[in-house]
Amino acid sequence: MVSAWIADVTPLLEQECYDRYYRSVPEFRQKKAAALRLDQMKAQSVGVWALWQKIRERYRLPEEAAHNFSHSGTCVMCAVCTDGKAVRVGCDVEKLGKLRMNIAARSFCREEYDAVAGAGTEEAQRELFFRYWVLKESFMKATGKGMALPVNSFCIRMGDPPVLVRQPEEFTDIYRYREYCIEDLPYRMAVCSTDTEIDTELHTELTL
């Protein structure tokens, strides 16, 4: 099964707290965080690794367990296969922002763009835009190609869960989706995996 976890890294914006977590992560992650310019980006980098370590301890997972990271704003996310299977996993979290139909027109396939444009109010369009965005990024990350994969080279149809109705021929596995959101939390999240089971529950780690 693939499980999804999130954590709030706001405490790491305080220097004392950040320094404590910084010292607990591996040297390569320290270097990666140190190279980042903004304090929030540093907190994300260190915080998501701390979350991963918590998950590994909980499930007694090896370092090579299939997993993926994402972060946006003060929210960090980790999706992980908890039973040791060799599966592909991708996840994405995005803080809700401004609706950008120009990006949808350029990046989405026609069916997806039409769904957003026809959603009704601007608020409904914005909600659907960000749902599509996290679904798309989670698939791109699950394939291992990331942003090297054209965003409009595959097509998602919304449902419960959403379904990948068209995908690049080079990826022959069946990819499955799960969406997550928390009431009053301005983020949208998704997991994509070749695992046959993705947990419906979004787990929250309150203390890293």
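Helix H3 (residues 39–59) has 21 residues and, at 1.5 Å a residue, should span 30 Å; its end C-alpha atoms are 30 Å apart, so the two values agree. The expected span is 1.5 Å times one less than the number of residues. Helices (H or I, at least four residues) and strands (E, at least two) are DSSP runs, numbered from the N terminus. Just after H3, Arg60 takes a positive phi of about 55 degrees.

This is a predicted model, in which local features need pLDDT of at least 70, side-chain atom pairs count only at pLDDT 80 or more, and totals for chains, interfaces and linings use all residues. Residues are numbered from 1 along each chain as its sequence is written, and side-chain values use heavy atoms, with hydrogens and water left out.

**The pocket**

H3 also gives 4 residues to the lining of the largest pocket, the largest share. A pocket is an open set of points on a 1 Å grid over the protein atoms alone, where a 1.4 Å probe fits, with protein on both sides within 12 Å along at least five of seven lines; lining residues have an atom within 4 Å of a point. The volume of the largest pocket is about 190 Å³, counted as the space filled by probe spheres set on the points. Its lining includes Arg29, Met41, Phe69, Asp92 and Lys141. Helix H2 (27–34), H3 and E2 each give two or more residues to this lining.

**The sheet**

Strands of a sheet pair through backbone hydrogen bonds, either parallel or antiparallel. Here, an open sheet of 3 strands has the order E4-E8-E7 with antiparallel pairing; two strands pair if DSSP finds at least two bridges between them. The edge strands, E4 and E7, each pair on one side only.

| Strand | Residues |
|---|---|
| E4 | 89–95 |
| E7 | 176–180 |
| E8 | 187–193 |

E7 and E8 pair over 5 bridges, and Tyr180 stands opposite Met189 in E8. Helix H6 (residues 122–143) packs on the sheet and touches E4, E7 and E8 (contact means heavy atoms within 4.5 Å). The direction of H6 makes about 150 degrees with that of E4, where axes are lines fitted to C-alpha atoms, for helices over the stretch in contact, and angles run from 0 to 180 degrees between N-to-C directions.

**Gly73**

Gly73 lies in the loop between strand E2 (67–72) and strand E3 (75–81). Gly73 counts as buried because its relative accessibility is 15%, and buried means under 20% relative accessible area (1.4 Å probe, protein chains only). Leaving out residues up to four places away in sequence, Gly73 touches Gln40, Gln44 and Tyr187.

Note on methods: Buried < 20%, exposed > 50% of the residue type's maximum accessible area, 1.4 Å probe, protein only.
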